[in-house]
Amino acid sequence: MHVFITGGSGLIGSAVVAELLGNGHTVRALARSDSSAAALQDAGAEPFRGNLADLSALRAGAVKADGVIHLAFANDFSSPAALAEAVAEESAALAALGEELTGSGRPLVTVSGTPRAPGRLSTEADPLPTDGPVGGRSRSVTAVLDLATRGVRSSAVRMPRTVHNQGTGGFAGLLTHIARRTGVSGYPGDCTQRWPAVHALDAAVLFRLVLENAPAGTAWHAVDDEGDAVRDIAAVIGRRLGLPVESVPAETYGSLGAIFATDQPSSSAHTRQTMGWQPTHPHLLDDLENIQP
Ligand SMILES: NC(=O)c1ccc[n+]([C@@H]2O[C@H](COP(=O)([O-])OP(=O)(O)OC[C@H]3O[C@@H](n4cnc5c(N)ncnc54)[C@H](OP(=O)(O)O)[C@@H]3O)[C@@H](O)[C@H]2O)c1
């Protein structure tokens, strides 16, 4: 397939680009800067200049593609307003990509997050939460899946809280940044909450399988570790950085505090069985050993 991808220069996207190119696909990748364009070119993709706010660029990128994978997100958690702006930008971008593919039968694979299911592992059948600071992202994903009724082979790959590679990425990566800044490897909540995780190289394989095979309107879980206790994550970070490991109030983490403090383990049993997906790369706690002081 000739695939158009957004976010192809990111942690997950760069793994997806390599996975696609390594399996006979060609890739045109949205690039918002010279440095991202150069990185994408070096990776073997065709850079396509534009950004998420440039809807005509997105449509032009998608129009000749056999399939589209969307991963770009501003990831600006600096304030509630900045986050709301990022969510609105992504929503408009997905709507434009969906319009371009309507009636074509071509795949549109978007990224999403695993939901939480109190007292048990969440599954692919659980709905996404539409509350909280990123609830708008869930509504965008639902709108993409609804395009199944309008001739788009739409699907979502739900990511666990930490998608990691070489010890960086996701919520664990944010805890590492905060630990470096504050001198304390903190963990929020009652320290028993668990977060699911996956290595980016394993997540990339699932994106390819879903692009190639997923029926319209379906959601999949890129979950390797069903739930790593956050205190265990903080312990590795503290040891690697030589910092004390302490519980800190959830409010310390601003708009992310409530999400950080929630127990949210997740399963990928249905995805593994149906898609034949089998993660092979290191689990999160092992990968965090790559953190350098
Ligand atoms: N990593 C995780 O643990 C995790 C967990 C759950 C969900 N996710 C979701 O998965 C997706 C990818 O995550 P990631 O970890 O790979 O993120 P990342 O490393 O921060 O990469 C973000 C990508 O989006 C691009 N981008 C950001 N804003 C853009 C804009 N306005 N216009 C065009 N491109 C833009 C970036 O381009 P530049 O290279 O030019 O900056 C980069 O390619 C995001 O939607 C994220 O929320 C990630």
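Predicted model: local features only at pLDDT ≥ 70, side-chain atom pairs only at ≥ 80, totals over all residues.
Residues are numbered from 1 along each chain as its sequence is written, and side-chain values use heavy atoms, with hydrogens and water left out.

The ligand is surrounded by 24 residues, each with a heavy atom within 4 Å of it. The closest are Ser9, Arg32, Ser36, Arg137 and Val163. The shell comprises twelve nonpolar, eight polar and four charged residues. In this division Ala, Val, Leu, Ile, Met, Phe, Trp, Tyr, Cys and Pro are nonpolar, Asp, Glu, Lys and Arg are charged, and the others, Gly among them, are polar. Polar contacts are pairs of N or O atoms within 3.5 Å; within protein, one atom must be able to donate a hydrogen and the other to accept it, and residues adjacent in sequence count only if both atoms are side-chain atoms. A polar backbone atom of glycine 10 lies 3.0 Å from a ligand oxygen. For a backbone N or O atom of leucine 11, the distance to a ligand oxygen is 2.9 Å. The side chain of arginine 32 places an N or O atom 2.8 Å from an oxygen of the ligand. The protein covers 82% of the 900 Å² of accessible area that the ligand has on its own (Shrake-Rupley method, 1.4 Å probe).

Threonine 162 sits in strand 7. Strands are DSSP runs of E with at least two residues, and helices are runs of H or I with at least four, both numbered from the N terminus. Threonine 162 is buried, at 0% relative accessible area. Buried means under 20%, exposed over 50%, and partly exposed in between (1.4 Å probe, protein chains only). The threonine 162 side chain reaches the backbone nitrogen of alanine 172 at 3.2 Å. A polar atom of that side chain also lies 3.5 Å from the backbone nitrogen of phenylalanine 171.

The whole structure holds twelve salt bridges, each a side-chain nitrogen of Lys or Arg within 4 Å of a carboxyl oxygen of Asp or Glu. Arginine 28 pairs with glutamate 46 at 3.3 Å. This pair links strand 2 to strand 3, 18 residues apart. Arginine 28 is buried at 17%; glutamate 46 is partly exposed at 35%. Arginine 208 and glutamate 212 meet at 3.1 Å. Both lie in helix 7, about one helical turn apart. Shared partners join Glu19, Arg208 and Glu212 into one network.
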